[in-house]
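Let's take a friendly walk through a protein model together. Have the sequence and the 3D view ready as you read.

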Amino acid sequence: MLQKFNPKNQNIQIWVGDRLYPRTAAKISVFDSVVQGGDAVWEGLRVYQEGLFCLEAHLDRLLASAHTLMFDDIPNKNTIRKAIKQTLEANAMTCDTHIRLTLTRGSKITSGMDPRLNQSGSSLIVLAEWKPPVYNNEKGITVITSSVRRNSPIHLDSKIHHNNLLNNILAKIEANHAGADAALMLDNQGFLAELNGTNIFLVKDNRIRTPLPHACLPGITRNLVLQLCKINEIAYTEENISLSEAYNADIVFATGTMGELTPITEIDGRKILNNNTTYLFDEICNLFDNCKSENCTPISKL
Ligand code: PMP
């Protein structure tokens with residue numbers, strides 16, 4: 001297992017609703033929508049020395065997901081920024097921190113699916129933990145292809161960053177049983193969609209390729225990598241990619257807040273052989289590192 005309990009997180013303060021609670025007292029009601037139906041939206045954010053990485057993009061995506069799901073009393077960005085600030089300050093966290101930001105539809109007057117049973121507005125959770133990037137990006141990760149397909153808009157639009165993560169959890173269970181670090185999920189047509197918790201890219205013939213965002217979360221790290229390619233005139237395409245193309249790519253890598261940019265060394269037992277000795281991935285990693293500070297919002301400015 002890649003993640004372990006960090007004793008530094010034993011006594012953290014967690015924001016629930018409208019105030020902070022110590023870890024052992026930070027609880028939500030059994031009537032909360034996230035318990036009843038996974039009815040919540042979320043973001044994972046990283047705090048570097050320079051501040052919160054891509055904060056505005058994360059807030060935009062959180063609020064867009066909540067708007068799609070028609071939550072009531074959605075807090076504005078300023079309220080969320082203040083809750084994050086208070087949480088980080090209470091924990092003296094200024095770097096090496098991961099924030100799990102969740103907005104639930106809130107508490108119901110009785111159990112049931114109907115959102116009209118939610119009469120007290122949505123509820124914010126700011127869980128900040130000491131947690132450096134989860135993957136070892138020197139070593140890379142291995143993946144297997146899951147039998148579970150990533151949702152397309154005909155089922156549940158993957159552009160909603162919601163807490164109904166069972167598809168991805170089932171895929172991750174398959175990866176665990178296969179002894180791999182993550183699961184590669186395909187779309188309804190059998191093209192690559194993404195990994196269970198990160199986006200996927202490949203490099204072939206000095207060109208960067210990534211699946212169209214039809215059945216993947218349009219990740220913020222993914223968007224940033226595409227933006228960096230554009231600015232630096234690195235050839236890239238968003239297109240349908242088959243498994244065979246992935247097996248035979250020069251480089252395959254994952255992107256996400258959880259692990260930043262992570263090389264994938266093996267897919268379904270096929271080693272990724274850098275036959276064309278491309279250095280494009282190293283170049284993208286350097287560009288990513290160099291753009292970190294300009295994309296960070298200092299905690300003092302929240
Ligand atoms: N795909 C999935 C399914 C995810 O849950 C995440 C992380 N929330 C990502 C991709 C990566 O997105 P981001 O770059 O915004 O962290």
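The paragraphs below go from the core to a helix.

This is a predicted model, in which local features need pLDDT of at least 70, side-chain atom pairs count only at pLDDT 80 or more, and totals for chains, interfaces and linings use all residues. Residues are numbered from 1 along each chain as its sequence is written.

Start with the largest nonpolar core, which has 70 residues. A nonpolar core is a set of buried Ala, Val, Leu, Ile, Met, Phe, Trp, Tyr and Cys residues joined through C-beta atoms within 7 Å. Buried means that 20 or more other C-beta atoms lie within 10 Å of a residue's own, exposed means 12 or fewer, and partly exposed is in between, with C-beta atoms placed from the backbone. Val 126, Val 143, Ala 183, Leu 184 and Val 252 touch the most other members of this core. Domain 1 (7-130) and domain 2 (141-290) both contribute residues, so the core lies between them; the domain bounds come from an automatic or database domain assignment.

Now find helix H4, residues 166-178. Helices (H or I, at least four residues) and strands (E, at least two) are DSSP runs, numbered from the N terminus. Which residues of H4 are buried? They are Asn 168, Ala 171, Lys 172 and Ala 175. Seen down the axis of H4, its buried residues fall within an arc of 100°, so they line one face of the helix; the arc is that of the directions from the helix axis to the C-beta atoms. On the other side of H4, Leu 166 and His 177 are exposed.

Methods
Expected span 1.5 Å × (residues − 1).
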